Amino acid sequence: MQRIAWDQFFMAQSYLISTRSTCTRLMVGATIVRDKRIIASGYNGSIAGGDHCTEHGCYIVDGHCIRTIHAEMNAILQCAKFGASTDNAELYVTHFPCISCCKSIIQAGIKTVYYGEDYKNHPYAVELFEQANVTTKKVEMSKDIFDREPFTSENITEAK
Ligand SMILES: [Zn+2]
Ligand SMILES: [Zn+2]
C-alpha cells in the first residue's frame with residue numbers, strides 16, 4: 001500500500017472546500033499550492049457578510065449567477081489579502097475555470113492548473129492558457145483514497 005499521490009491529495013482538498021459553497025448552481029473548490037504546501041483555498045460564494053444564494057436565491061444575469069465570487073478568485077484574493085505570492089504556484093480546482101478566472105490565474109503567475117471535471121471548457125480559456133504556457137491537467141479524484149486501512153509493517157510500500 002502506498003501513500004496517496006500529491007495530485008489526489010490536493011484535489012481531495014479542493015472537493016472538501018467546495019462543500020462550503022453557498023451557490024446552489026454549482027459547488028466549486030480551489031486550492032493554491034507552492035512547494036507542496038497549501039497556501040490558500042477558496043470556494044464559490046458571496047462576499048463576506050453578503051446574502052447567500054442558499055437563502056436568497058441566485059442572482060442571475062445573462063445566465064450566470066453574479067452574486068458569487070468564484071473559488072479560484074477567492075483563493076487568489078486570499079493570497080492578496082494575507083500577502084502570499086502566487087508566482088509559479090499550482091492551482092487545484094474541482095471544475096475547469098471560466099474565462100474570467102482563467103485570465104486572473106494567468107495574471108497571478110500560476111503555472112499549472114489541475115482540474116477535476118470538465119465544465120463548459122471555453123475554447124478561448126484553453127487558448128489563453130496555452131499562450132501563457134500554463135499547463136492544464138485533468139485529475140479525476142478517486143474516492144478510494146478515503147477508504148484506506150492504516151499502514152502496517154506488512155502493507156507499507158515506499159512512495160515518492
Ligand atoms: Zn448563486
Ligand atoms: Zn470562474
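Reader: Leaving aside neighbours within four places in sequence, which residues is Cys-101 in contact with?

Author: The general idea first: two residues are in contact if their C-beta atoms, placed from the backbone, lie within 7 Å. Here, once neighbours within four places in sequence are left aside, Cys-101 is in contact with His-70, Glu-72 and Met-73. Keep in mind that this is a predicted model, where local features need pLDDT of at least 70 and side-chain atom pairs count only at pLDDT 80 or more, while totals for chains, interfaces and linings use all residues. Residues are numbered from 1 along each chain as its sequence is written, and chains are lettered from A and ligands numbered from 1 in the order in which they are written.

Reader: Where is Cys-101 found?

Author: Helices (H or I, at least four residues) and strands (E, at least two) are DSSP runs, numbered from the N terminus. Cys-101 belongs to helix α4.

Reader: Does that make Cys-101 count as what, buried or exposed?

Author: A residue is buried if 20 or more other C-beta atoms lie within 10 Å of its own, exposed if 12 or fewer, and partly exposed in between, with C-beta atoms placed from the backbone. Cys-101 is buried, because it has 25 C-beta neighbours inside 10 Å.

Reader: At which residues does UniProt place the feature "binding site"?

Author: A word on such records: UniProt positions are in the numbering used here, feature names are shortened, and annotations may be inferred rather than shown by experiment. The unreviewed UniProt entry puts "binding site" at His-70, Cys-98 and Cys-101. These are spread over 32 residues of sequence, yet they cluster in space, with a largest C-alpha distance of 9.0 Å. His-70 sits in the loop between β4 (64-65) and α3. It has 23 other C-beta atoms within 10 Å, so His-70 is buried. Apart from neighbours within four places in sequence, the contacts of His-70 are Val-28, Asn-44, Cys-98 and Cys-101.

Reader: Which residue does the UniProt annotation "active site" cover?

Author: Glu-72, again according to an unreviewed entry. Glu-72 lies in helix α3 (residues 71-82), and it counts as buried because 29 C-beta neighbours are inside 10 Å. Beyond four places in sequence, its contacts include Ala-30, Leu-91, Val-93 and Cys-101.

Reader: How do I read α3 itself: what is its reach from first C-alpha to last?

Author: The expected span of a helix is 1.5 Å times one less than its number of residues. With 12 residues, α3 reaches 17 Å, close to the 16 Å expected. Its buried residues include Ala-71, Glu-72 and Met-73, and the buried residues of α3 pack against α1, β1, β2, β5 and α4. Just after α3, Gly-83 takes a positive phi of about 70°.

Reader: And the core: which residues touch the most other members?

Author: A nonpolar core is a set of buried Ala, Val, Leu, Ile, Met, Phe, Trp, Tyr and Cys residues joined through C-beta atoms within 7 Å. In the largest one, which has 30 residues, those are Ala-30, Leu-91, Tyr-92, Val-93, Ile-105 and Val-113. Among the elements that each supply at least two residues of this core are α3, β5 and α4 (99-107).

Reader: In what order do the strands form the sheet?

Author: Two strands pair if DSSP finds at least two bridges between them. Five strands form an open sheet of mixed pairing, in the order β2-β1-β5-β6-β7. The edge strands, each pairing on one side only, are β2 (37-43) and β7 (135-138). Five bridges join β5 (residues 90-95) to β6 (residues 112-117), and these two run parallel. Leu-91 stands opposite Val-113 in β6.
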